[in-house]
Each structure stands twice: as structure tokens, then as C-alpha cells.
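Here is a short report on the sheets, helices and backbone details of one protein model. The structure comes first, and the notes follow.

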Amino acid sequence: MTDDRVSRLVEEARRLRWSRRKVLKRAAALGLSAPAISMVLAACGGDDPAATTAPAPAPATTPTAGAATTPAPAETPDVEEPTATTAAPVGGGGIINIPTTLGDSGIGNPILTSNIQMIEYYVFNRLMIYNDEGTLVPELAADWTFSDDNLTLTITLNEATWHDGEAFTADDVIFTFDTIAAETTETGKRSNLRVAGEFVTWAKVDDYTITITSPEAFAPLLFQLNQIPIIPEHLLSGSADINTDEFNRSPIGTGSYMLEEWASDQFMRFVPYENHFRGRARNDGLTVFFYADTEVSSAALDAGTIDMMFTPPELQPRYEGNPNFKLYNYVYFTPITLSFNHKHPILQDITVRRAIGMAIDKVALTESVTRGRGTIANNQFANSGPLDRYNDYDNVEPIPFDVAGANAMLDEAGYAAGSDGIRVAPDGTRFEFDVITYSGFEEYQNGQVIIQEMLREIGMEVTPQVVEYTTLEGMWADPNDPPENRALELEEWPHPFEFDPDLFNELHSDSLPPGLNYMWFEDDEVDRLIEVGRTTTDPDERVAVYKELDVRRSETLPTLPLYNAVDGWVASTALQGVADTPYYRRYVLTSAQDWSK
């Protein structure tokens, strides 16, 4: 079928003298693979004057195992799309084109649930942020100091302006915190302002000074503040409903870029903010294209349409040793996991969760999905990077791969196999589970199929489901989402940020949906250790607390660590100013202003 589509497309493109951009869009609409798209482009010739300014292909839906898919339209309407530019405009740094496979939620307010990550980082600033060396550095904050008892943080602010020319002041910070704290605001950032279940208190001292006071010493306070973009009080204080305000589609921040154009599900065009307090970006703008998956992104990268992209293991060999590209590898900071929905009546049984762990051959799984690049995971954080020291390698006992032992354990617990070989609980509930993940990652989808086969060996019927990331975010935030919808989830949960081990947001019982503990895990001892870890300021003592938490996690199994992924970004060698850093995952969001072509 693919050969027929390729030949028909080539014939039609030649006959109608399509431009390269038209060929790319049509190929993507037909759902062709990256190699097939490359064949089409080669067959159509390379003398097209549009070749150096080809737009991104329109998003296409890629069928995946167990996933409900939507057919691609027969034709994508032409729109005035931004183009990759090799000859830079006046600013001299060129326009940088990058993709995202996380979908278009339509939400541009950075404090709201499901906001678009690129807008959050490019259009807005935080008080402080981590640089490419893992060091916390000032952004809207000029500096900060703690009181002697570590309870009060005083922050002096930089002088900055919003994109509409209004001055940034302490009122904007206070308004942002007040808005996050309001129960009517649909946000996942409320826990960033809480300590031991209580909100910290914040106050304005003058136009460029604020104080934040905690009820007790709070080690990750600066880390928590680094996750909160600041929004404009003068534009949103009078909003009837901040969750639906027009600001969502026309966000105005203090960031290095202004959002100039937003074509839903197609692209976002950002231009430098000339008056940014840290200086103008080196480039002349960014264009972010919405793609269905990394295969489509890869075809666009090969065609010169985009300049860099996230590169999962299965695509990395394509660029290794290629003189036109550079691959930047990094280990993802937390393991890829199979997580259990603890509202599910069967999965509440630790025996079932442990049996699942015993049935999964991590060696075979890791070798297959990471193309031999990953390493087996048994602990709460990756075995490299800034969080490695919090893993307890001495006292966490790896779950053995033992299918016979898993079956014997389930038999003893009273989960007998039915006539079709699928186990049944005493109440008659069959061992039928959906394993869900988000689209755009072949690695995860391959893992779903492998886990499906492995769990069949212990009498479990597992069905892979793949949904858009924005859809999954909505399920996470819905307290009434049935546990059967997400019985098992294959992704990276729970995780902190790269630089602090605090797991409150995703593992503490105070963070249940609409918070980020979306797998509904609750354990009093885990809660206690998380709280102690948050209030222990001595670095060595804090390491000991999180090692204890690692052991307790391995005993209660909120999730099953599978492997440590070696991810990467690949960039065209035409792109300058890109650093080789172990913190590359966030670097592409925080340092785009330093790039040029």
C-alpha cells in the first residue's frame, strides 16, 4: 500500500509541479513514514526554489497498537505558514524552527492546567530558573536571602516590562500567587505554594520587594518557585473567569519572545521582545510546529524544514555520524515506569502489583525499546545526574523476574484462572486492564505491546491505549475519571524536576486529583518521609531521608520502575550556540534565546 501511495504522490507532484512544501504537506496527510517521505522528496528532485523555506508538514495521526485513530484529511488547506529561514532577517540570527508532539491545548496562560509548555517558557519568566549547569539563577528576581531561621525569604525584583510596555512590579507576583491559591483557578501549581498542607504567606514590601514566609523550614522552596511563571496583574485582575479569559489565546508576558501568531494545531510563531531586561534574543524568532509524532518531525528535519527535534532511541541511529546533524544525548532524570491506578480494586492489592513486577523481564524490555541504550531501573530516580545520590542501592531489593513465582503467588491469593486462562478475582472481576500512554513516542508504544505479552503469561488481559497528551492531562486532572480508563500507565511517573528530589506534587496524598498524584497513591509513611524531606535543610540529612523513601517506595510499589531512558535532541549543524549539557531536556526551553543560524 505504501509503495502505491508513494508512486501516486510522486506522479501527481511532478505532473502538477508541486512545490516542496506542498509535497511535504500532502505526504504527511497521507500518513507516510519518514523513509517514504524521503523517497518522495528525492524522486521529485531538489531544484525547487522553495526547498530552503519549506513549511512543516501538517500533523498526521499515526496508527498505534490498541489506539483509536482518526483518519488524516485527504488534503490540508493551504495557510500562510511560517518558514524556516537560512538567510537571517535584520537581527542576523535567523528564525529557528522546532517541533512539539505534545498537542495544542489552546491554553496560553502558564499557570493553568494543560498550558502549552513552549508558551510557558518563551513568553513568560519565573522569579528564578535553573541554567544548563543545574544552578539556580535569577530571572525576574534580582536576588534573594533567607532569614536566620530559614522561615522567611526576601526577594528583590528586577526592573522589567510586560510585552505591552507596562512595568513589572511586586503586584504581579502577589497577584500570581493569589490567583494560584484561589480554588476557582484550574491549576496544578497550588501545591508549589504549600508546606505541610498549609500555604506559605506572601506580602509586598515595596514595588520591587516581596517576602515569603513558611510555617516551617522548607528545603525545596526555591525549586517550587522556579516552577511558577508570573502573570500580569494589570491584564487579568478584572477577569470574570481566568480559566476562559481571552488572555489564553493572546498571552502577554515578560519573556524573551512575544507570541505573534497561533494557528491552532498547526504552528505558533514567536518574535523576540526587543526590550527584554536581559537583552534581545540572538535569533530573529522561533516557530513551533505541532506534529503528530517524531517520525513526521524527523522527515521535516531531514527536509530542512525544522532545525532541531526531540529524538527517541529508535531515531537516534539515523543521525549518529551524520555530518549535517549533531546528536545531544542525556539520561532522562527519572525512570520510565509502569504505574498502577490505586483506585482500581484489583491493583490495590500489593500481591497483584508485585506479581506484575515479577512477570516483566526488564532486561528484554529495556534492550528492545531503548535499542540497547537504556539501563534497568529499580530505584526512584535515574542512575545518573543530580538525583542519583538519593537512590538507596544497598537496601532496595530488585524484584526478580520469575513468571512461575508470580503465578504461584496469584494462585495462593485466590485469583484463579478462568476457562480462557484469564484470572478472576473472588468477586468475579476479570483481570482486564488498559495500559495507557500518550502519542508521539514509539518507545512507549513498543513497551505497551511487550508488557501486554509478558502479562498474558500470568493470566492478565492487557489492552494498549494511546491518546493525545492533552487528552491524558485532562484525565489526570479529573477526580471522577474511572480507574478502568487508566488501570496501568506507561510513562515517567512519579517525577520531581531534574534538580530536587521532592515528590510531594505527585506522590503525597494531599496532591490527589485535580493535583498531580493522578495514580491515587496513598501511604502514611510515604507522606511522612516526603514531609520530612521537605523540611530537612541539611544536605546530608536530606539524602538519608530520600534513601529511606526509596526503600519504602520499593515496599509499597506506587509504580514499577522499568528502565532509564537515554533520550536526545538532534540539531542541524547550521544551528549555533547550542550547548552540550546533561540538563538538555529543559535546556531547549530555557536557552532558545542564545541560538542563531
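## Basis

Helices (H or I, at least four residues) and strands (E, at least two) are DSSP runs, numbered from the N terminus. The model is predicted.

Five bridges link S8 to strand S9 (residues 209-213), in the antiparallel sense. Thr 201 has Thr 213 of S9 as its bridge partner.

## The six-stranded sheet

A second open sheet is described by the order S16-S22-S15-S21-S19-S20. Here the pairing is mixed. The edges are strand S16 (375-376) and strand S20 (461-467). Each of these has a single partner strand, so one side of each is left without a neighbour in the sheet. Strand S15 (residues 336-340) and strand S21 (residues 488-491) run antiparallel and are joined by four bridges. Within that pair, Ser 339 is bridged to Glu 489 of S21.

Two helices pack against these strands. Helix H12 (residues 442-456) touches S15, strand S19 (432-438), S20, S21 and strand S22 (559-564). The direction of H12 makes about 170° with that of S20. Helix H13 (residues 469-477) lies across S19, S20 and S21. H13 runs at about 125° to S19.

## Helix H8

Is helix H8 mostly buried or exposed? Seven of the nine residues of H8 (residues 294-302) are buried, so the rest of the structure largely encloses this helix. The buried residues are Thr 294, Val 296, Ser 297, Ser 298, Ala 299, Ala 300 and Leu 301.

Both ends of H8 carry a local feature. At the start, a side-chain oxygen of Asp 293 comes to within 3.1 Å of the backbone nitrogen of Glu 295. Just after the helix, Gly 304 has a positive phi of about 85°.

Asp 349 caps the N-terminal end of H9. One of its side-chain oxygens lies 2.9 Å from the backbone nitrogen of Thr 351.

The axes of H9 (residues 350-359) and helix H16 (residues 539-556) come within 9 Å. They cross at roughly 100°. Angles of 65 to 115 degrees count as roughly perpendicular, so H9 is roughly perpendicular to H16. H9 contributes Ile 350, Arg 353 and Arg 354 to the contact. H16 contributes Ser 554, Glu 555 and Thr 556. By class, the contact residues are one nonpolar, two polar and three charged.

## Cis peptides and positive phi

Where are the cis peptide bonds? One joins Trp 493 and Pro 494, with omega about -5°. Pro 494 sits in the loop between S21 and helix H14 (504-507). Another runs from Pro 513 to Pro 514, with omega near 15°. Pro 514 belongs to the loop between H14 and helix H15 (524-535).

Trp 520 also lies in the loop between H14 and H15. Its phi is positive, at about 60°, although Trp 520 is not a glycine. Is Trp 520 buried or exposed? The cut-off for buried is under 20% relative accessible area. Trp 520 has 14%, so it is buried.

Leu 557 lies in the loop between H16 and S22. Leu 557 is not a glycine either, yet its phi is positive, at about 50°. With a relative accessibility of 2%, Leu 557 counts as buried.

Technical notes:
Residues numbered from 1 in each chain as written. Predicted model: local features only at pLDDT ≥ 70, side-chain atom pairs only at ≥ 80, totals over all residues. Heavy atoms only, no water. Buried < 20%, exposed > 50% of the residue type's maximum accessible area, 1.4 Å probe, protein only. Polar contact = N/O pair within 3.5 Å; in protein donor to acceptor, adjacent residues only side chain to side chain. Axes fitted to C-alpha atoms, helices over the stretch in contact; angles between N-to-C directions. Parallel < 35°, antiparallel > 145°, perpendicular 65-115°, else oblique. Contact = heavy atoms within 4.5 Å. Nonpolar A, V, L, I, M, F, W, Y, C, P; charged D, E, K, R; others polar. Pairing = 2+ DSSP bridges.
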